[in-house]
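Work through the exercises below with the sequence and the coordinates at hand. Each task is followed by a stepwise solution.

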Amino acid sequence: MKLEKENIIELLNNKGVEVIDLYPTQIAVKVKKDNIINHLVYLKSIGFDHLSFICAVDFIDEGEFELVYHVWSYTHKIHILNKVRIDRNEPKIPTIVDLWEQAQFYEQEVHEFFGIVFEGNKDLSHLFLENWVDIPPLRKDFDTREFSIRLFDAIPNGGDR
């Protein structure tokens, strides 16, 4: 049974989830870390059967990472951005690989580029950065200039050292 966006917003509000209405086919929700698995299981049970991707944002000044789980429903034609904040000093969150198999690659990528650990994921090996030994490169405290000078003895854009 197809649900309209307003029905989905009401269902989520009734579960105590804060909903932000973004566009005609898109909403965002903020979820607590401890509730992310139950929340995503619920969404899947009402027809959000496609995990599009997982991304992360580094809020270094707030000491947090924000993970965004993008899910889509082919039935309801609605895209939900599920946002959860985690402590930047202990960046851990449970894996969702058992819920959506394709999460494996998204979790590996987020781990590789932000250092976030997905607890229960048995393979967080690197996908792209072979032999990487520095801090994850998409963290805001990663210094690309210093990295380039140190690794390649080169100055980005030909500037002075």
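The exercises concern a predicted model, and they cover a pocket, a surface patch and a pair of residues.

**Exercise 1.** Describe the largest pocket by volume, lining and residue class.

Solution. 
- Step 1: the volume of the largest pocket is about 240 Å³.
- Step 2: the lining is made up of Lys15, Gly16, Val17, Glu18, Lys30, Val31, Lys32, Asn35, Glu66, Lys83, Val84 and Arg85.
- Step 3: sorted by class, these lining residues are seven charged, three nonpolar and two polar. Gly is counted among the polar residues.
- Step 4: strand β5 (residues 78-87) supplies three residues, the largest share of the lining.

**Exercise 2.** Which residues make the nonpolar surface patch of about 270 Å², and is tyrosine 23 buried or exposed?

Solution. 
- Step 1: the patch consists of Ile20, Leu22 and Tyr23.
- Step 2: tyrosine 23 lies in strand β1 (residues 18-23).
- Step 3: the cut-off for exposed is over 50% relative accessible area. Tyrosine 23 has 53% relative accessibility, so it counts as exposed.

**Exercise 3.** Locate glutamate 4, classify its accessibility, and compare its sequence and spatial separation from histidine 70.

Solution. 
- Step 1: glutamate 4 sits in the segment before α1 (5-14).
- Step 2: between glutamate 4 and histidine 70 the sequence separation is 66 residues, while the C-alpha to C-alpha distance is 18 Å.

Methods. Residues numbered from 1 in each chain as written. Predicted model: local features only at pLDDT ≥ 70, side-chain atom pairs only at ≥ 80, totals over all residues. Heavy atoms only, no water. 1 Å grid on protein atoms, 1.4 Å probe; cavity = no way out; pocket = protein on both sides within 12 Å on 5 of 7 lines; lining within 4 Å. Points joined across faces, edges and corners; volume = space filled by probe spheres on them. Helix = DSSP H or I, 4+ residues; strand = E, 2+ residues; numbered from the N terminus. Patch = residues over 30% accessible without salt bridge, like charges linked within 9 Å, V, L, I, M, F, W, Y side chains within 5 Å. Areas by Shrake-Rupley, 256 points an atom, 1.4 Å probe, with all protein chains shown as cover. Salt bridge = Lys/Arg side-chain N within 4 Å of Asp/Glu carboxyl O. Buried < 20%, exposed > 50% of the residue type's maximum accessible area, 1.4 Å probe, protein only.
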